[in-house]
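Morning, everyone. Let me walk you through this one quickly. Please bring up the structure.

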Amino acid sequence: MKLPFAESYKIKMVETIKRSTRKEREQWLKEANYNLFNLKSDQVFIDLLTDSGTGAMSDKQWSAMMLGDESYAGARSYYKMKEAIKNIMGFDHFLPTHQGRAAENVLFSVLVKEGNIVPGNSHFDTTKGHIEFRKAKAVDCTIDEAFDTVIDHPFKGNLDLIKLESVLSTYPKEQVPMIIVTVTCNTSGGQPVSMANMKAVKKLSEKYEIPVCFDSARFAENAYFIKTREEGYQDKTIKEIVKEMYTYADMATMSSKKDAIVNMGGFIGMKDANLWKQASTYNIMFEGYVTYGGMSGRDMNALAQGLDEGTEFEYLETRIKQVEYLGGRLEEFGVPFQKPIGGHAIFVDAKKILAHIPKEEYQAQTLGCELYLEAGIRGVEIGAILADRDPETRENRYPALELLRLAIPRRTYTNNHMDVVAVALKNVYDRRNEIKHGFKIIDEAPIMRHFTVQLQKID
Ligand code: F0G
């Protein structure tokens, strides 16, 4: 008999999580103004809000923490991180930052100016926020297949080269500071970009003399998909694939809270020494001196170790198979979600499940609240609330997809937890027609409203 698959680690430390009653959850959700970000973590049983900074560090990472060098300038930990980034991604220059959006802030302070156009594949919300904050425009060039949850395309994160070239040929190069390739593409469902696509984007970037920036939060998961789905990469190691990926990038922003498996941290990787010099000034202003940039020495040590572990096949296989396991259970129950299954999350198709609720009542948010009420599970809305208003017209933007993202933290939950999530969602799915209404917004921030939005139930 073939042996079943099992995790490539065992558990050395545990944390208690609390169950609650439906009545308690109804009260807590009301007090949170139906915004799941407002819940206390103790009010949540299984927290799938994000896979960012919520993973479990390894024994090696914890032991690396003890060896952190906390010197202000030139710390050993800085050089450890520098070496790891050079070895794994090939960047000669880097700046540490406290997280991914800080890397965006520093890099974009140098490169993005008012009136600029920044093409990419479904820019993440903070990326788009930092572009729009500078009165520049993010243009989405993702392939159309990404916006249909039932099309089974292996690389739904790919950029449409025709859309991209039409942007590059329309605007003068001075107006387009970079092309952003998000690996994996979070917004379109944790979907990977193929090596062939990266190569083709780089070719266009050279033709138009515009640099390429990889938004790298889940670069290792992307490499796993290249290995398992793209012709010619089966026999390569993840580290070899990652090395090749970064030959097609001029720079990178990184949220280390994902694929470097730390709770906090980020960096900018750069090939150009002059760019490093310019960015250093902003790093010192916003983050900290260039050899720590918002990170403590121990955190830089853990990050260096995490980058190495995060690019090991056995770890990635365990990780992605857990996401697939949850997807498989949902498939059994007929719950619709974005196919193929992405790297870090299942993106449940709320538009299909709650088709009878108008989009103006926030279908994905409604589904998220129902799942919380059902079993204390917290997901996150990737729909009209997140899409926010158009900065010019102030009209609500309604994206093609209304998704409830169930992001799986790394090395944190077991497949028993995944079973609870799947059954809870099945129960909500089975009673979907009893859910009559969604929500209306009663208070929202002018930018990135989803974090603080307050909602009211529509009766
Ligand atoms: N880019 C991508 C693709 C991301 O997914 C994120 C964060 C960032 C940049 C920003 O990094 O959080 O370290 O400042 N994504 C988290 C999420 C928040 O839940 O998907 P950060």
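Aromatic pairs to begin with. This is a predicted model, and a search of the whole structure turns up 13 aromatic pairs.

Take Phe94 and Phe267. Their ring centres are 6.4 Å apart and their planes stand at 85 degrees. Over 60 degrees counts as edge-to-face, so this pair is edge-to-face.

Where do Phe94 and Phe267 lie? Phe94 is in strand E2, residues 93-97. Phe267 is in strand E8, residues 266-270. So the pair ties together parts that are 173 residues apart in sequence.

Buried or exposed? Phe94 has 2% relative accessibility, so it counts as buried. Phe267 is buried too, at 0%.

Next, charges over rings. Lys339 puts its charged end over the ring of Phe337, 4.7 Å from the ring centre. Lys359 does this with Tyr398, where the distance to the centre is 4.8 Å.

Last stop, helix H8, residues 219-229. How many of its 11 residues are buried? Nine, so the helix is largely enclosed by the rest of the structure. Among the buried ones are Phe219, Tyr224 and Phe225. Glu221 and Lys227 are on that list as well.

What covers the buried residues of H8? The cover includes helices H3 (76-89), H7 (195-208) and H9 (238-245). Strand E7 (251-255) is part of it. So are helices H11 (297-310) and H12 (313-332).

That's my tour. Over to you.

Conventions: Residues numbered from 1 in each chain as written. Predicted model: local features only at pLDDT ≥ 70, side-chain atom pairs only at ≥ 80, totals over all residues. Heavy atoms only, no water. Phe/Tyr/Trp six-rings, centres within 6.5 Å; stacked < 30°, edge-to-face > 60°. Helix = DSSP H or I, 4+ residues; strand = E, 2+ residues; numbered from the N terminus. Buried < 20%, exposed > 50% of the residue type's maximum accessible area, 1.4 Å probe, protein only. Lys NZ or Arg CZ within 6 Å of the ring centre and 35° of its normal. Contact = heavy atoms within 4.5 Å.
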